[in-house]
Amino acid sequence: MERWHLIAAVVFGYLGLTLWIGLRAGRQASSSVSGYVAADREFGLLVMYFVTGATVFSAFAFLGGPGWAYSRGAAAYYILAYGVLGIAPWYWIGPRVAAIGRRHGYLTQAQLITGRFESRGLSVLLAVVSVAALIPYVTLQMQGAGIVIEAVTDGHVPYWAGSAIAYGIVVFYVWSSGVAAVGWTNTFQGVFMLVVAWAFGLWLPVHLHGGIGEMFREIAAQRPELLRAPGLDATGAPWSWGAWSSSILVSAIGISLWPHLFMKAYAARDARVLRRTVILFPTFQLFLIPVFLIGFAGVLFESSPESADFILPFMILEADLPALVVGLFCAGALSASMSTGDAILHAAASVTVEDGVRPFVTLDDAAQRRLIRGTVLATGVIAYGFALDPDSSLVVLLLTAYGIIAQLAPTVLATLYWRRATTAGVIAGLVTGTATSVFFLFNVELRPLDLHEGILGLLVHAPVLLAVSLLTRPQTAAHLERGLVGRPFDEATPETRIPRVHTELR
Amino acid sequence: MRIDPARAVTYFGAMNELPDRPSTSPPAQTPSEPTTHAPRHGGRVLVALYFIAYALAVTWPGMLLANRIEPLVLGLPFNLVWVAAWVVCGALVLGWFDHGERR
């Protein structure tokens with residue numbers, strides 16, 4: 001039996017276990033749309049903690065994180081910096097979103113926004129923006145999975161097959177069990193990710209350099225520019241403070257607004273769970289430190305991989321470890337990828353149907369559920385098609401996505417906290433902010449202070465939202481009173497276990 | 001339910017004071033909220049201040065001050081530990097605030 005057979009066996013064993021968990025999870029949730037999309041609003045702390053952590057940290061964290069540490073040094077620290085800054089507002093926003101969602105039976109982010117700013121055009125715009133941001137994101141996860149499987153099996157399981165098998169399984173359990181599958185597989189995968197990251201991250205520096213401190217002293221002696229913030233940019237030149245700072249800010253602003261994370265507020269059992277998830281999130285996030293160590297461990301290595309993103313599988317294979325360990329490492333990397341990919345596929349399908357189709361077509365609960373399931377399959381196939389076709393425009397699309405997702409911040413804040421906001425203001429702000437962000441993405445040299453285009457978009461979005469809202473007729477008090485804005489008590493009583501509300505579908 | 005205007009100061013600053021209105025939600029759909037104590041106004045401001053300080057500490061200009069490799073803490077470069085420390089303290093600050101809310 002060759003080495004790669006053993007490794008593949010471990011990997012397939014892991015995949016089989018994940019599939020089993022995903023399929024079993026579906027039995028707990030009801031067979032309604034609310035069950036499929038929001039798990040009947042029943043997720044407890046354990047699941048929410050891992051759903052949040054494992055979903056946020058994707059193949060980018062596992063492959064890109066070490067890749068950044070390896071090639072760009074301290075620039076990678078920005079990934080650690082923005083997390084808790086971005087998740088902290090969720091302490092207040094999450095429970096408010098959840099309470100309003102319970103009151104009105106909301107399942108998606110756009111429903112929250114258009115519940116107050118009634119416009120089918122806005123609903124479709126939000127759906128298109130969300131899906132346009134989510135598809136490249138999941139495509140990159142599929143690519144990451146294919147790359148890792150191919151690397152650890154020495155190419156015997158080719159890229160297209162590894163990606164298809166891993167994501168065929170994801171599509172299967174998401175199709176079958178909806179968000180309950182996402183929740184429970186993320187719990188399993190989250191544990192896996194953490195264990196693998198900490199184990200390898202602590203072991204590799206000791207194995208290669210005799211210790212973590214020793215490793216950094218050697219790097220400081222030979223390549224000190226890697227250890228001083230803000231590190232290097234993609235070309236190897238020093239990164240600017242403007243880009244470093246604005247990357248942190250844009251990522252922080254966007255993190256809780258990504259549709260697949262945002263809608264998990266509806267899945268949580270109560271406000272208590274949401275708040276504890278926020279407080280505990282940094283404990284998950286600290287796993288980035290060993291991830292960085294893996295990248296740094298490769299800096300002084302004699303040979304180098306073809307691309308910085310391959311440094312992690314490269315180091316693992318170079319270290320000549322037992323097949324079982326290599327297989328488990330691959331499972332850890334797949335965990336990072338699939339735990340993000342499943343949430344994204346589920347969210348993209350839910351948003352397409354709930355926000356793109358339902359405003360125009362009347363569907364009963366069973367028909368909606370069937371349509372969402374079908375869309376999960378279709379989205380998976382489309383994303384896989386992109387994954388097979390390495391196209392530089394896809395990376396561009398993902399970079400655009402971050403700037404666009406950040407544009408949702410003023411919209412969501414206006415929905416929840418600003419009574420004077422109007423539909424016209426929200427739409428105008430969203431359109432101009434997004435356009436500005438896209439403009440500066442394609443005209444990099446025009447950026448003032450090298451700021452991220454998402455920040456520049458927000459600098460346009462916010463004043464436009466303010467001005468147009470003030471210039472148009474305010475919403476009536478009766479409209480706002482229907483609980484759309486939310487009331488202080490939503491935040492004041494975390495102990496109240498809100499009983500399940502019969503979800504009247506609008 | 002009288003809403004104290006001071007409580008309406010949200011994390012992001014008051015864009016608008018929520019006026020004093022009686023609850024109008026249908027009783028069948030929402031439970032009657034048991035009145036716990038009001039959230040501490042001061043606590044929220046402290047949390048907000050902490051995260052503003054955090055943002056300044058990990059971006060420009062705060063990072064300029066901490067941008068050293070030595071001394072190594074647990075083997076890690078000082079600037080990495082700086083960021084990690086602010087992260088951990090952020091969790092502690094939120095946890096402290098949350099604990100205050102629950103009492």
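The expected span here is 1.5 Å times one less than the number of residues in the helix.

Before I go on, some conventions. This is a predicted model, in which local features need pLDDT of at least 70 and side-chain atom pairs count only at pLDDT 80 or more, while totals for chains, interfaces and linings use all residues. Residues are numbered from 1 along each chain as its sequence is written, chains are lettered from A and ligands numbered from 1 in the order in which they are written, and side-chain values use heavy atoms, with hydrogens and water left out.

At the start, a side-chain oxygen of A:S119 comes to within 3.4 Å of the backbone nitrogen of A:G121. Most residues other than glycine have a negative phi, and most peptide bonds are trans. A:D154 counts as exposed because its relative accessibility is 54%. The cut-offs are under 20% relative accessible area for buried, over 50% for exposed and partly exposed in between, with a 1.4 Å probe and protein chains only.

Next, helix α6 of chain A, residues 90-104. Its 15 residues reach 20 Å from first C-alpha to last, close to the 21 Å expected. This helix is mostly covered, with 14 of its 15 residues buried. Just after α6(A), A:G105 has a positive phi of about 75 degrees.

Helix α18 of chain A, residues 365-388, has 24 residues and reaches 35 Å, close to the expected 34 Å. Its N-terminal end is capped by A:D364, with a side-chain oxygen 3.2 Å from the backbone nitrogen of A:A366. The buried residues of α18(A) include A:R369, A:I372, A:V376 and A:Y384. What do the buried residues of α18(A) pack against? They pack against α2 (33-38), α8 (120-152), α9 (159-177) and α17 of chain A. Contact means heavy atoms within 4.5 Å.

That brings in α17(A), and its pairing with α10(A). Two packed helices are described by the angle between their axes and the distance between the axes. The axes of α10 (residues 179-209) and α17 (residues 323-357), both of chain A, come within 8 Å and cross at roughly 145 degrees. Those axes are lines fitted to C-alpha atoms, for helices over the stretch in contact, and the angles run from 0 to 180 degrees between N-to-C directions. Residues that meet include A:F192, A:M193 and A:F200 from α10(A), and A:L328, A:F329 and A:H346 from α17(A). The residues of this contact divide into 13 nonpolar, seven polar and one charged. In that count Ala, Val, Leu, Ile, Met, Phe, Trp, Tyr, Cys and Pro are nonpolar, Asp, Glu, Lys and Arg are charged, and the others, Gly among them, are polar.

Now chain B. It has three helices and zero strands. Of its 103 residues, 44% are buried.

One residue to look at is B:N79, in helix α3 (residues 78-102) of chain B. Is B:N79 buried or exposed? It counts as buried, because its relative accessibility is 0%. Its side chain makes a polar contact of 3.1 Å with that of B:N67. A polar contact is a pair of N or O atoms within 3.5 Å; within protein, one must be able to donate a hydrogen and the other to accept it, and residues adjacent in sequence count only if both atoms are side-chain atoms. Leaving aside neighbours within four places in sequence, B:N79 is in contact with residues including A:Y77, A:L227, A:R228 and A:A229 from chain A, and B:M63 from chain B.

A:A229 also takes part in a cis peptide bond, to A:P230, with omega about -5 degrees. A:P230 sits in the loop between α11 (212-222) and α12 (241-255) of chain A. Chain B has a cis bond from B:E70 to B:P71, with omega near 0 degrees. B:P71 lies in the loop between α2 (62-66) and α3 of chain B. B:L74 is found in the loop between α2 and α3 of chain B, and its phi is positive, near 55 degrees. B:L74 counts as exposed, at 79% relative accessibility.

Conventions: Helix = DSSP H or I, 4+ residues; strand = E, 2+ residues; numbered from the N terminus.
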